[in-house]
Amino acid sequence: MPYITTPDGTEIYYTDLGEGKPVVLSHGWPLNSDAWQVELRLLGDAGYRAIAHDPRGHGRSSQPWNGNDMDTYAADLAALVDVPELDDLSLIGHSTGGGEVVRFAAQHGNGRVGKIITAGPVAPVMVKVESNP
């Protein structure tokens with residue numbers, strides 16, 4: 001099984017199918033990357049490189065107590081896409097994965113993101129505070 005190791009030692013499991021323009025799929029809580037198996041196969045068969053991962057705390061990835069927040073999820077995703085040096089990324093995120101791909105693009109995209117698709121993404125802030133009415 002393919003894994004990458006993040007700077008803090010967390011192992012992130014991923015699936016990488018096909019060749020061509022990269023499409024990264026990020027699932028919602030509490031699923032794992034198996035939720036994208038049909039889409040991975042369809043994208044791979046259509047000439048794309050399809051990548052899906054299990055964020056820390058999910059599926060086959062490490063289950064650390066710390067780092068289960070959007071900033072760390074985005075940093076972990078950056079470590080994943082830096083390994084194969086992917087550019088012109090298309091990112092697809094569902095639920096928590098929607099928040100993850102948007103945060104990744106904002107903090108780590110550096111002109112590498114071509115498209116983002118979200119389906120029912122989480123809000124950036126889930127509680128009512130002065131800056132989030």
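Among contacts in the protein chain between residues at least 6 apart in sequence, what percentage join residues at least 24 apart? In this predicted model, 67% of such contacts join residues at least 24 apart.

View 1. The C-alpha atoms fill a box of roughly 45 × 30 × 25 Å along the principal axes. Because a compact globule of 133 residues would have a radius of gyration near 14 Å, the 14 Å found for the protein chain agrees with that expectation.

**View 2. The surface and the charged side chains of the protein chain.** Buried residues account for 41% of the 133 residues, while the accessible surface comes to about 7,200 Å², with 54% of this area belonging to carbon and sulfur atoms. The side chains include 9 positive and 17 negative ones, and the centres of these two sets lie 5 Å apart.

**View 3. The hairpin of E1 and E2.** Strand E1, residues 3-5, pairs with strand E2, residues 11-17, in the antiparallel sense over 3 bridges, and Thr-5 stands opposite Glu-11 in E2. Between the two strands of this hairpin there are 5 residues, and Gly-9 takes a positive phi near 90 degrees.

**View 4. The pairing of E2 with E4.** Strand E2 also pairs with strand E4, residues 49-54, in the antiparallel sense, here over 5 bridges. Within this pairing, Leu-17 has Ala-50 in E4 as its bridge partner. In a regular strand, side chains alternate between the two faces of the sheet.

Technical notes:
Residues numbered from 1 in each chain as written. Predicted model: local features only at pLDDT ≥ 70, side-chain atom pairs only at ≥ 80, totals over all residues. Heavy atoms only, no water. Rg over C-alpha atoms; globule rule 2.2 N^0.38 Å. Buried < 20%, exposed > 50% of the residue type's maximum accessible area, 1.4 Å probe, protein only. Contact = heavy atoms within 4.5 Å. Areas by Shrake-Rupley, 256 points an atom, 1.4 Å probe, with all protein chains shown as cover. Lys, Arg positive; Asp, Glu negative; His and termini not counted. Charge placed at Lys NZ, Arg CZ, Asp CG, Glu CD. Pairing = 2+ DSSP bridges. Helix = DSSP H or I, 4+ residues; strand = E, 2+ residues; numbered from the N terminus.
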